[in-house]
Amino acid sequence: VRSKCTTACKWTYLPHKSNNGDAQAGWATDFFEQIGLGELVEEGYERCGRSVLDIGSRIGDGLSKEAAQQMGLLPGTPVGVGLIDAHAGALGMLGADIKGMIGREVPLTRRMALICGTS
């Protein structure tokens, strides 16, 4: 399973072209062929990802028994599709209630955040 966020930002995936449920329609076929990676197209994007989902979408049946045990969680604990660190930071900023921190509400257009990560 791949994330539309990461494939669009780090690859050449076009999520708006895959809205019909066909994840393969989002890959930039012409690009891969032009750079000599036509085999990715021929194999149906198996190595790139055939399942590309929206952020937060539930993945499968959740944690396996083994994974849950390793993390001290319950089997079946939901697992969601992730997103890039900078995008996650932006979402956190959008939802932040900062009124208590600075004593007043600040419009979103007047906020600044330093979002760091590997992106």
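1. Glu43 and Arg47 are joined through their side chains by a salt bridge, with N and O 3.0 Å apart. Glu43 is partly exposed, at a relative accessible area of 23%. This is a predicted model, and the remarks below should be read with that in mind.

2. The count of salt bridges comes to three. One of them links Arg50 to Glu46, where the closest N and O atoms are 4.0 Å apart. Because the cut-off for a salt bridge is within 4 Å, this pair should be read with its distance in view. Arg50 is partly exposed, with 44% relative accessible area, whereas Glu46 is exposed at 54%.

3. Lys4 pairs with Asp54 in a salt bridge whose closest N and O atoms are 3.2 Å apart. Lys4 belongs to helix H1 (residues 4-10), and Asp54 to the loop between strand E2 (52-53) and helix H4 (65-71), so the contact ties together parts that lie 50 residues apart in sequence. The Lys4 end is buried, with a relative accessible area of 14%; the Asp54 end is partly exposed, at 42%.

4. On the cysteines: how many disulfides does a search of the whole structure find? The search returns zero. For Cys5, which is in no disulfide, the nearest cysteine sulfur is that of Cys9, 4.6 Å away. Cys5 counts as buried, at 11% relative accessibility.

5. Cys48 is likewise in no disulfide, and its nearest cysteine sulfur, again that of Cys9, is 16 Å away. Cys48 is buried, with a relative accessible area of 1%.

6. Six aromatic pairs turn up in a search of the whole structure. In one of these, Trp27 and Phe32 are tilted, with 6.2 Å from centre to centre and 55° between the planes. Both partners are buried: Trp27 has a relative accessible area of 3% and Phe32 one of 4%.

7. Trp27 and Phe32 also belong to one aromatic cluster, together with Trp11, Tyr13, Phe31 and Tyr45.

8. Which residues make the nonpolar surface patch of about 360 Å²? They are Ile55, Leu91, Leu94 and Leu108. Leu108 sits in the segment after helix H6 (99-102). Leu108 is partly exposed, with a relative accessible area of 45%.

Technical notes: Residues are numbered from 1 along each chain as its sequence is written. This is a predicted model: local features need pLDDT of at least 70, side-chain atom pairs count only at pLDDT 80 or more; totals for chains, interfaces and linings use all residues. Side-chain values use heavy atoms; hydrogens and water are left out. A disulfide is a pair of cysteine sulfur atoms within 2.5 Å. Buried means under 20% relative accessible area, exposed over 50%, partly exposed in between (1.4 Å probe, protein chains only). Rings of Phe, Tyr and Trp (its six-membered ring) pair if their centres lie within 6.5 Å; planes under 30 degrees apart count as stacked, over 60 as edge-to-face and the rest as tilted. Patches are made of residues with over 30% relative accessible area and no salt bridge: like charges are joined within 9 Å, nonpolar side chains (Val, Leu, Ile, Met, Phe, Trp, Tyr) within 5 Å. Accessible areas come from the Shrake-Rupley method with a 1.4 Å probe; for residues, only the protein chains shown count as cover. Helices (H or I, at least four residues) and strands (E, at least two) are DSSP runs, numbered from the N terminus.
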